[in-house]
Amino acid sequence: MSTSRRTRVRHEFVDAMPEQLDEGVLYVSVNRRIVLHRCFCGCGQEVATPLAPHEWQLEFDGESVSLFPSVGVWGIPCQSHYWVENDRVIWSGRLSRDKIERLRRREREEVEGIGPEHPVPKKDRRSRFWRRRR
Ligand SMILES: [Zn+2]
């Protein structure tokens with residue numbers, strides 16, 4: 001487990017993505033409907049999360065941003081998996097890839113409103129989700 005894992009990040013709203021992405025910054029382009037960052041484990045890999053109803057959703061509360069569902073990085077050795085919530089990174093710990101995929105599928109179902117808990121406001125859905133995991 002890497003010791004350079006971040007727990008706090010900064011978000012930046014941009015029109016166009018910069019050539020070089022800084023570590024620990026979540027670049028949000030609403031125009032292009034995409035969020036980019038370097039993997040928060042510190043490995044440097046660029047991670048793209050497209051914003052779309054069936055992809056990721058960004059929540060901006062006026063001060064901080066949250067991304068939903070979770071971010072999983074499969075194509076690189078670190079295989080990081082985390083949530084970004086209110087400019088914080090919540091690490092999922094060591095889950096098997098299988099388990100993470102099931103979890104992500106369930107999150108997506110909830111986002112798309114086809115899960116068993118439909119209809120529940122998004123905030124409630126999330127806190128219930130966290131309670132379940134504890
Ligand atoms: Zn990484």
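Guide: A residue is called buried if 20 or more other C-beta atoms lie within 10 Å of its own. The model shown above is predicted.

Visitor: What percentage of the residues in the protein chain is buried?

Guide: The protein chain has 134 residues. Under the cut-off of 20 or more other C-beta atoms within 10 Å, the buried share comes to 17%.

Visitor: In what order do the helices and strands of the protein chain run?

Guide: The chain holds two helices and eight strands. Read from the N terminus on, the elements are β-β-β-β-β-β-β-β-α-α.

Visitor: Which strands stand at the edges of the open sheet with mixed pairing, and why is one side of each left without a neighbour?

Guide: This open sheet has four strands in the order S1-S2-S3-S4. An edge strand here has a single partner strand, so one of its sides has no neighbour in the sheet. The strands in that position are S1 (10-13) and S4 (46-50).

Visitor: Which residue of S2 is the bridge partner of His11?

Guide: Strands of a sheet pair through backbone hydrogen bonds, either parallel or antiparallel. S1 and S2 (residues 25-29) pair in the parallel sense, over four bridges. The S2 bridge partner of His11 is Leu26.

Visitor: Is Ala48 buried or exposed?

Guide: Ala48 lies in strand S4. Ala48 has 12 C-beta neighbours inside 10 Å, so Ala48 is exposed.

Visitor: What distance separates the C-alpha atoms of Ala48 and Leu36?

Guide: Leaving out residues up to four places away in sequence, Ala48 touches Ile34 and Leu36. Leu36 is twelve residues from Ala48 along the chain, and their C-alpha atoms are separated by 4.6 Å.

Visitor: In the open sheet with antiparallel pairing, which strands stand at the edges?

Guide: The four strands of this sheet have the order S5-S6-S7-S8. Two of them have a single partner strand each, so one side of each lacks a neighbour in the sheet. These edge strands are S5 (57-60) and S8 (88-91).

Visitor: Which residue of S8 is the bridge partner of Val84?

Guide: Strand S7 (residues 81-85) pairs with S8 in the antiparallel sense, over four bridges. In S8, the partner of Val84 is Val89.

Visitor: What share of the contacts with a separation of 6 or more joins residues 24 or more positions apart?

Guide: Two residues are in contact if their C-beta atoms lie within 7 Å. Among contacts in the protein chain with a separation of 6 or more, residues 24 or more positions apart account for 35%.

Methods:
Residues numbered from 1 in each chain as written. Predicted model: local features only at pLDDT ≥ 70, side-chain atom pairs only at ≥ 80, totals over all residues. Pairing = 2+ DSSP bridges.
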